[in-house]
Structures are given as C-alpha cells and as structure tokens.
Amino acid sequence: KGLLGEVWNDEMSSSMLGSRLKKVVQNYQAMNKYGVKVSGPGGTSNRPKLSGPELLCQVKEKVEVTTLTADLQPFSALSWAPLLLPPQQLTSDLGPYKSCAVVSSAGSLRNSGLGKEIDSHDSVLRFNAAPTSGFEKDVGSKTTIRLINSQVMASDDHRFLSSSLYSSGVLVAWDPAPFSSNLSQWYNHTDYPIFIQYQRYRRLHPQQPFYILHPRFEWQLWQRIQDNMAEPIQKNPPSSGLLGTILMMSLCEVVHVYEFLPSRRKTELCHYFQRFYDAACTLGAYHPLLYEKNLVKRMNQGSDRDIYVNGRVTLPGFSAMNC
Ligand code: C5P
C-alpha cells in the first residue's frame with residue numbers, strides 16, 4: 001500500500017501486540033473488576049460486520065450521552081447535590097456547534113503544526129492534564145471542554161483544585177462504575193473519590209460549568225465496541241478519548257479527532273507534553289483502546305491520507321446523520 005501502508009487498519013487484534021502488552025491485555029480481558037455481564041454470544045459470533053454508516057447509526061441509537069442532574073436519585077436527597085449539580089443535561093446547555101475538534105494527548109501531536117487548524121473549530125475538547133501553554137503550535141490554545149477522569153481529580157500530583165490548567169472552559173468528569181449498578185450503588189463505590197473532589201472544586205470555582213457523565217454512557221459505549229469486535233475486549237470502560245469523541249458527536253455537526261488514530265508521526269512517546277514512553281498509551285492495556293480505534297477507523301468518513309499526514313479522523317455529528 002506504499003505510503004499509506006502504516007495507517008491503522010480496522011482489524012487490529014491483541015495477537016498483533018508485543019508479548020509484554022499481549023499479556024497485560026489478556027489479564028485485563030480475564031479480570032472483571034466491574035462485574036461486566038456479556039449478553040449474547042459476545043465476541044465470537046459470526047454476525048455480519050456493519051458498514052461505517054450502519055455502525056454510526058447504531059452508536060447514535062444505542063448510546064445515550066447523558067450527565068448527572070440535581071433531580072436524580074440519590075442526589076436529589078443529598079444535602080450538597082441540589083446546590084452543586086447542574087439542573088440540566090450538558091447536551092441541553094452546550095452547542096449545537098458546527099465544527100468540533102477532539103485533541104487526543106498522544107505523543108504524535110509533537111511537531112504536528114496542527115495548532116491553527118485545531119483552533120479554527122467552534123469547539124475544542126481536551127483531556128485530563130493536557131496543557132496548551134508552550135505547545136500552541138502543535139495543539140492550539142482554545143479549550144471549550146475538558147474531559148477529566150476521577151483519578152486525575154483525586155491525585156495530588158495534578159493539583160486539580162488549584163491548577164489554572166482546569167480553570168478555562170467547561171469541565172466534564174467521569175469515573176468507572178460497576179457494570180449493572182444504579183447511581184446509589186456507584187455513589188457508594190466509586191473507583192476514585194469523584195464526588196468529594198467535585199464538591200470541593202465547585203465550591204472553589206462556583207462560576208465554572210462542571211458536569212459528571214452518567215455511568216450508563218460508559219457501559220452502553222462499551223457494549224457497542226464489544227458487539228462489533230470478533231474477540232473479547234477488556235471488561236473495563238472505554239478510554240477518555242472515545243468517551244470525548246462520542247460526547248462531541250452529540251454536540252457538533254462534524255467532529256475532527258486528532259492523533260487518536262496515529263499519523264506518520266506515530267511514536268511510543270505517551271503524551272505530547274511528557275518524556276514518558278510506553279506503547280500501552282497508544283495500544284491500550286486497562287482500556288479496550290485497540291478496539292476503540294478499530295471502531296473509529298470504521299466510522300471515519302475522511303481519507304487514509306488525512307490520518308497518515310494529519311492524524312485526522314472525520315466523524316459526522318448525530319444531528320447530521322440520516323439513520
Ligand atoms: O492519557 P489520557 O487518557 O489523558 O489521554 C487522553 C486520550 O487520548 C486517551 O484516553 C486515549 O484515548 C488517547 N491517547 C491515545 N494515544 C496516546 C495517548 C492518548 O490514543 N499515546
């Protein structure tokens with residue numbers, strides 16, 4: 001395939017990983033920390049492979065992008081929640097936007113020169129502790145939404161409550177919940193203390209919009225990945241990267257995702273802002289990231305050249321699909 005031979009194909013499987021990563025992935029495939037119940041034949045069925053448009057419509061139909069609101073149980077009965085949780089869904093407060101950019105934190109963004117292009121979008125989503133300061137040329141400077149996990153919120157190194165990194169744009173947080181739990185069960189068994197940190201942050205920054213993803217969203221999306229793969233995937237929630245991509249598809253007419261599918265700059269450098277090397281950042285260990293990338297490759301409406309040169313995937317927003 002010449003120049004484009006290096007582009008992600010949509011049939012990556014754990015058998016293509018190096019032996020160390022393969023073992024880690026196999027361990028996670030066997031472990032079931034969240035009590036995932038696989039319905040149906042799960043992975044080994046011979047159901048027909050869906051086309052890109054069919055897959056897009058399936059995601060639109062079966063994945064509800066929702067956030068916690070003050071009226072939901074158990075929050076409505078807790079003293080802090082009605083004061084601090086938003087009264088409305090994120091999707092009713094934000095957008096609709098015409099064009100959106102999702103900026104993965106991948107090391108391959110280094111020396112990409114994509115900053116201007118990223119900033120030209122109406123809305124830009126970034127992840128966790130990814131900075132713009134000092135990296136504007138490659139990742140831009142606009143941050144409309146920042147999606148953060150509960151581990152970042154709780155860790156001392158990230159100074160979540162005080163760092164200016166988190167003070168611009170809209171914050172959206174998530175935490176892995178048990179697979180079939182209701183909100184009360186999750187509230188009492190979060191992976192990291194998301195609700196304690198949420199309350200603290202909201203009291204320190206009462207003017208900044210801050211949402212929490214409904215955990216149903218994570219697992220509905222997980223089910224779409226598993227149902228469309230030929231092998232069992234890790235029984236852990238999708239990565240922030242895929243959660244953010246689908247979140248933006250619910251707000252935007254068109255979504256460009258940068259360096260989620262690696263370009264010709266692909267590297268084992270984990271993040272563009274850190275000198276840390278690990279192939280697991282790009283291929284997944286805990287998260288079913290390999291399979292998330294297969295799914296995104298199949299849904300991509302842009303060219304392989306866009307991926308190869310710019311690390312750019314083009315996805316239609318839910319509002320722009322004819323299903
Ligand atoms: O590491 P972190 O989760 O903050 O990165 C944000 C997202 O970017 C990841 O969840 C993953 O989807 C994506 N990513 C990637 N390849 C990397 C680093 C991050 O695909 N090397």
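This report covers the cores, helix packing, aromatic pairs and selected residues of a predicted model.

## Nonpolar cores

The largest nonpolar core has 87 residues. Leu85, Phe210, Ile246 and Met248 have the most contacts inside it. Phe210 shows what such a position looks like. Beyond four places in sequence, Phe210 touches Pro86, Ile148, Met153, Phe160, Leu171, Val172, Ala173, Tyr198, Tyr201 and Arg202.

There is also a second, separate core. This one has 10 residues, including Ala101, Val103, Leu114 and Val139.

## Helices H10 and H11

Helix H10 spans residues 215-227, and helix H11 spans residues 240-249. Their axes come within 11 Å and cross at roughly 100°. Angles of 65 to 115 degrees count as roughly perpendicular, so H10 and H11 are roughly perpendicular to each other.

H10 contributes Phe217, Glu218, Leu221 and Ile225 to the contact. H11 contributes Leu242, Leu243, Ile246 and Leu247. By class, the contact has seven nonpolar residues, one charged residue and no polar ones. Ile246 of H11 is also among the residues with the most contacts inside the largest core.

## Helix H2 and its partners

Helix H2 covers residues 52-62. Its buried residues are Gly52, Leu55, Leu56, Cys57, Gln58 and Val59. They pack against H10, H11, helix H13 (289-299) and strand E7 (312-316).

The H2 and H13 axes lie 8 Å apart, at an angle of about 115°. On the H2 side, the contact uses Gly52, Leu55, Leu56 and Val59. On the H13 side, it uses Leu295, Arg298 and Met299. Five of the contact residues are nonpolar, one is polar and one is charged.

## Aromatic pairs

The structure holds 20 aromatic pairs. In one of them, the ring centres of Phe179 and Trp219 are 5.3 Å apart. Their planes stand at 75°, so this pair is edge-to-face. The pair links distant parts of the chain, 40 residues apart. Phe179 sits in the loop between strand E4 (170-174) and helix H8 (183-188), while Trp219 belongs to helix H10. Phe179 counts as buried at 19% relative accessibility; the cut-off is under 20%. Trp219 is buried too, with a relative accessible area of 6%.

Tyr187 and Phe195 form another pair, with ring centres 4.9 Å apart. Their planes meet at 50°, so the pair is tilted. Tyr187 counts as partly exposed at 22% relative accessibility, whereas Phe195 is buried at 4%. Both belong to a cluster linked by ring pairs. The cluster is made of Phe75, Trp80, Phe160, Tyr166, Trp186, Tyr187, Phe195, Tyr198, Tyr201 and Phe210.

Helix H9 runs over residues 194-204. Its buried residues are Ile194, Phe195, Gln197, Tyr198, Gln199, Tyr201 and Arg202. Among them, Phe195, Tyr198 and Tyr201 belong to the aromatic cluster. The buried residues of H9 pack against helix H3 (81-84), helix H7 (150-154), E4, H8 and strand E5 (210-212).

Gln208 lies in the loop between H9 and E5. This residue is buried, with a relative accessible area of 8%. Beyond four places in sequence, Gln208 is in contact with Tyr166, Ser167, Ser168, Gly169, Leu171, Tyr201 and Arg202. Gln208 and Ser167 are 41 residues apart along the chain, yet their C-alpha atoms are separated by 7.5 Å.

Thr282 lies in helix H12 (residues 280-283). Thr282 is buried, with a relative accessible area of 17%. Leaving aside residues up to four places away, Thr282 touches Pro262, Thr267, Leu289 and Lys293.

Cys323 is found in the segment after E7. Cys323 is exposed, with a relative accessible area of 53%; the cut-off for that is over 50%. Cys323 touches Cys57, Lys60 and Glu61, again leaving aside residues up to four places away. Cys57 is one of the buried residues of H2. Cys323 and Ile307 are 16 residues apart in sequence. Their C-alpha atoms are 26 Å apart in space.

How values were computed
Residues numbered from 1 in each chain as written. Predicted model: local features only at pLDDT ≥ 70, side-chain atom pairs only at ≥ 80, totals over all residues. Heavy atoms only, no water. Core = buried A, V, L, I, M, F, W, Y, C linked by side-chain atoms within 4.5 Å. Buried < 20%, exposed > 50% of the residue type's maximum accessible area, 1.4 Å probe, protein only. Contact = heavy atoms within 4.5 Å. Axes fitted to C-alpha atoms, helices over the stretch in contact; angles between N-to-C directions. Helix = DSSP H or I, 4+ residues; strand = E, 2+ residues; numbered from the N terminus. Parallel < 35°, antiparallel > 145°, perpendicular 65-115°, else oblique. Nonpolar A, V, L, I, M, F, W, Y, C, P; charged D, E, K, R; others polar. Phe/Tyr/Trp six-rings, centres within 6.5 Å; stacked < 30°, edge-to-face > 60°.
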